[in-house]
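Here is a short report for a first look at this structure.

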Amino acid sequence: NAAIALLARTARRLDRRHTRAAERFLSQALGAGLPPATRDRFVRNSYALLAHMALGTFLRPKRVREDRLDEHFELDFGPDFQELLRRGGPVAFLSCHVGDWEASGPIWKRLGFYPLHVVAKPARNRPLSIWIQELREASGHRVLSRYGAMQEVVSAVAQGGSLGLILDHRATMRPIWAPFFGRLAACERSSAVLLRRLKIPAVITACYRAKRPWHYRVVAPRVFWPDELARLSSEEIVVAINQELERLILAHPEQYYWLHDRFRGTPPTDVAASH
C-alpha cells in the first residue's frame with residue numbers, strides 16, 4: 001500500500017494533463033466548493049486505483065476462493081433484482097469505473113449468470129492485451145473486444161450468456177450527447193441500441209471495496225425491464241442510465257476513477273444553463 005501511495009503521488013505530479021482533467025471532472029460532479037485536500041485525495045486515489053486493479057486481477061483468484069465467497073462479499077440487492085433472480089435468464093449488467101468493477105465475476109457466476117461476456121477495449125500492446133484477457137477470463141469473464149462486438153453479443157445472449165458493460169467511457173463514434181453530472185457528455189449510442197435489441201433485463205450494479213482487503217460490497221439498486229426499455233428512445237435510455245451511474249459514483253466518490261477526460265470536446269456550460 002505504501003508503494004502504491006508513492007506511485008500515485010508521483011503520477012499525480014508528473015501527469016498534469018490527466019490530473020487537470022480529473023480536477024475539472026470533480027469540480028463538475030461534486031461542486032466547486034469541494035475542499036482542495038479532498039479533491040487531491042480523490043485524484044491520488046484514481047491513480048492508485050490502476051495499481052490496485054492490476055494487483056487484484058492477478059492475486060484475487062488466490063485470495064478469494066470460490067468456495068468462500070460469502071466471507072468476502074456483502075450483497076445488497078433491491079427487490080427488483082430479487083424478482084430477476086426468481087425469473088432467471090440472461091441479463092445485462094451496467095456499471096462504471098467505481099470500486100473494483102472486475103471483482104464481482106464469481107458472484108454473478110454463483111447466481112447463475114454464466115457465462116458472463118464483458119465488452120472491453122483491448123490494450124494497444126498486443127502481448128499485454130492477451131495477458132490481461134487471460135487474467136480476466138480466469139476470473140469467470142469472457143472478454144469481447146468492443147470493436148465489432150455487436151453480433152458476438154447478440155449470439156452470446158441467444159445462447160444463454162449474460163453481458164457486462166462499463167458505460168462511463170467518452171464515446172467517439174456517433175455519440176449521444178446526454179447530461180452527466182449536469183454537463184453534456186459523449187455517451188455510447190450502440191449500447192442503448194443493443195439493450196433495446198436484446199430484450200433482456202438491464203441491471204445497474206457496482207462492486208465497492210470494503211475497508212478490509214479482499215472484501216467487497218456488491219449493489220444492484222435498479223433493474224430496467226425489457227418492456228420499459230422498449231418504450232424509451234436510445235437518447236432516453238442513455239439519460240436514465242447516466243442518472244443511475246451518478247448515484248453509484250456519489251455513493252463512494254473516493255473509489256471512482258476520475259482520470260477520464262469525460263467532457264473533452266464539450267462546451268464548459270452546464271446543461272441547465274444552456275436552456
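## Helix α2

The buried residues of α2 are Thr-19, Ala-21, Ala-22, Glu-23, Phe-25, Leu-26, Gln-28 and Ala-29. Buried means under 20% relative accessible area, exposed over 50%, and partly exposed in between, with a 1.4 Å probe and protein chains only. Helices (H or I, at least four residues) and strands (E, at least two) are DSSP runs, numbered from the N terminus.

Helix α2 covers residues 16-30, 15 residues in total. From first C-alpha to last it reaches 21 Å, close to the 21 Å expected at 1.5 Å a residue. The expected span is 1.5 Å times one less than the number of residues.

## Basis of the model

This is a predicted model: local features need pLDDT of at least 70, side-chain atom pairs count only at pLDDT 80 or more, and totals for chains, interfaces and linings use all residues. Residues are numbered from 1 along each chain as its sequence is written, and side-chain values use heavy atoms, leaving out hydrogens and water.

## Strands β6 and β7

Strand β6 (residues 176-180) pairs with β7 in the antiparallel sense, over five bridges. Two strands pair if DSSP finds at least two bridges between them. Pro-179 has Leu-184 of β7 as its bridge partner.

Two residues lie between the strands of this hairpin, where Phe-181 takes a positive phi near 55°. Strand β7 (residues 183-187) is mostly covered, with four of its five residues buried.

## Thr-266

Thr-266 lies in the segment after α10 (234-251). Thr-266 is buried, with a relative accessible area of 9%. Leaving aside neighbours within four places in sequence, Thr-266 is in contact (heavy atoms within 4.5 Å) with Trp-177, Arg-183, Leu-184 and Ala-185.
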